[in-house]
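Please look over the model shown here, chain by chain.

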Amino acid sequence: MEDTFRKSMAWLHTWAGVVLGSVLFAVFWMGTLSVFDREIDRWMMPATRISPAIAPATAPISLDKVARAVQPAVPAGASQWRVDLPTERTPVLRFTYKADGMDPAPRQMEPQQLAFLPPQGTLGGSGFIFPFHYGLHLEWKETGKWIVGVAAMAMLLLLVSGVIIHRKILVQFFTFRPRKSLQRSSLDLHNLVGVLGLPFHFIITLSGMVIFMMIYFPQAYSGAYGEGKKARAEFFADAYGKYSRPRANAPGTLGSLDAMADVARREWGGTEPYFVRVWHPGDANSYVELRRSYAREVTMNVDQIFFDAASGKVLHRFQAAPVMSAQRFISGVHFIQFEHWTLRWLYFAAGLAGCVLIATGFLFWLEARRARHAARGLAGVRVVEGLAVGSVTGIVIATLAFLAANRLLPPAHGMGGEERAALEVWTFYLAWIATFAHAWWRGRAAWRGQAWTICLLAMACVLLNAVTTGDHPLRALANGNLAVAGVDLLLLALAALAAWSARRLAATPLQGSARQAGARA
Amino acid sequence: MTALLLVAACLASYGGFACLALAMPEHWEQWGGGSQRAAAWRWLRPAGLGLLALAYGLCVWRDGPGFGSLLWTVLISAAALAVAFTLTWRATR
Amino acid sequence: MRSASERGLKIVGAVGGGYLLTATTVIAAGAVLARCGMARSEAVALSSMLGFVFYLALLVWAFAVRSAARLWAVLAAGTLLASAVAWLAR
């Protein structure tokens, strides 16, 4: 009975891994990069590389000044405008608005004069890499989020089944034999990273799904609230907080936002608001929304206060109830929007470990099946190998191409901001498709070729940054632009790792393909 | 102070897993401890667990219960991997 | 040896049927907890979060169970039961 259970779990682990490994690697890769999405933003948007020496993030900003600064950019009849205040990792303000059918790209403002920066013409880390991580940029009917959700459940199954089938889990707890065959050493590394990183892998996957619980269990409210849109809205308002009031369709004024911020700060024990949103600007029924910053806590609180725009009177307050606070804590464990550099770096390392876990899983499966498939004349390994190479080294190449395009394309005022951003995205997908084509054409040798490509592309990106912006690592460090220096240095580390891998792959005898060639001869 | 507590937590985590590893016959032999069941094995495991517990205390002291628990959870994985790589490096020398 | 179609049926059952059972149970649990005095939004949030763990346990069982028939029977019975509870507690 025990043996059949293990066998079922082994079958499940293998097939869930082979079928969903590509999606999982993409999610983990983009997720790991998203840990430093704001830093990637600095790299991709040179105008936002504001040195902390010039404009410390702690310098207080007057919300009234902000309101005056954005006023000309808000069209008449807009339903809302919003400004996100600078943080330790994002030195610029972010302005967005919504008007009839329009949802334009966000604009950045520098923190000293509150002047608008020219459109950067890029989605950056926070606009491309991060949304790719949770939704694969497949927005129609939330398809992307559902695929990620299926992959996430599969990941949990993979972790559970992996532990069950790992016979020598305690004995081999610390075992890694890199000098043995590729099959043995990739399995060792797979098991090592999987077992030792188990708490992280499990928590990060489960917490990711909890964030989107309303998408993955869309009818959950219907037992307690009844059916229909109104019931759903009621649940949302009870859980996350919601306030609105309709326009008066008469002109109105905006009172002192700073006074409202003072009220909020006092109620929140000194914690600052992290954004300000004005609903129905210019209308008599306009109201102002402030939300409490979660930079110093794990929980992504939803504390919110709404004020009447003209008088500054408090209209509505909200705080999450205990269970929802737990959901917000769990969300915070995943989102890591807090200021804690040690944890940020540890999450980055753990995310990379997750990528290694998935990649070594593919490698092991390929090596283990190679000889068997070749002997039986099956094409399975060839197909999966192409898929694996494109999904692993391929997506890395695509990401580097994305960064390189960011530096190579002319600045946004040379072409429209949104067109330029779209071209960067096209570069990503075209490069990615090319890596799949290359992988299916070259077979096992593709690993090495793509590893070398990663090495060269990563170095090219560092060079391009230095040439196009002048912020080479030494200068960036001197200016206090740690984000830019950090991205460049990690790119160089990636180049070194890729070169080492390529040489290691060259050293491994190509047993499999030699036997395949022999079988065909 | 926070830097000191972090270093201490890292060392305690690393030491904890090192003890747990050495409490395993295969790794004990690797370290040249001899193949006989040594007296050290009786206290290595509790010492290892104790050091990991100490690391937790240090993390919570440094960053509070929320951040501290999170820090410890990710830190010990990193420490365990570091111990594994140390053993591998020694074995391939 | 298990046939491909029987395996395929098992996968559909485990993944699809399991999800249906889980979603229905989440709805029922939300209704029951709300009836027992928990604030409605809290009940729904708790059931939703626990739903993921429930689905995971269900999937492990579903992929380990020997016969596809038994799998479908349990899923169907469970879903019916959960629906009944949800309807009664609404």
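Predicted model: local features only at pLDDT ≥ 70, side-chain atom pairs only at ≥ 80, totals over all residues.

Residues are numbered from 1 along each chain as its sequence is written, while chains are lettered from A and ligands numbered from 1 in the order in which they are written.

Two pairs of chains touch, and the most contacts are between chains A and C; two residues are in contact if their C-beta atoms, placed from the backbone, lie within 7 Å. Chains B and C do not touch, and their nearest C-alpha atoms are 19 Å apart.

The contact of chains A and C draws 28 residues from chain A and 29 residues from chain C. On the chain C side, helices H1 (4–35), H2 (40–64) and H3 (68–89) each supply at least two residues. Helices (H or I, at least four residues) and strands (E, at least two) are DSSP runs, numbered from the N terminus. H2(C) gives the largest share of that side, 18 residues. Sorted by class, the side of chain C that touches chain A has 21 nonpolar, five polar and three charged residues. Here Ala, Val, Leu, Ile, Met, Phe, Trp, Tyr, Cys and Pro count as nonpolar, Asp, Glu, Lys and Arg as charged, and the others, Gly among them, as polar.

Within chain A, helix H7 (residues 198–211) packs with helix H12 (residues 322–335) at an angle of about 125°, their axes 8 Å apart. H7(A) is therefore oblique to H12(A). Axes are lines fitted to C-alpha atoms, for helices over the stretch in contact, and angles run from 0 to 180 degrees between N-to-C directions; angles under 35 degrees count as roughly parallel, over 145 as roughly antiparallel, 65 to 115 as roughly perpendicular and the rest as oblique. Residues in this contact include A:Ile203 and A:Ser207 of H7(A) and A:Ile330 and A:His334 of H12(A). The contact has six nonpolar, five polar and no charged residues.

Strand S6 (residues 304–308) of chain A has four of its five residues buried, that is, with 20 or more other C-beta atoms within 10 Å of their own. S6(A) runs antiparallel to strand S5 (residues 287–292) of chain A, joined by five bridges, and A:Tyr287 has A:Asp308 as its bridge partner. Strands pair if DSSP finds at least two bridges between them. S6(A) also pairs in the antiparallel sense with strand S7 (residues 314–318) of chain A, over four bridges, where A:Phe306 stands opposite A:His316. Five residues lie between S6(A) and S7(A) in their hairpin, in which A:Gly312 takes a positive phi near 80°.

Technical notes
Buried ≥ 20, exposed ≤ 12 C-beta atoms within 10 Å, placed from the backbone.
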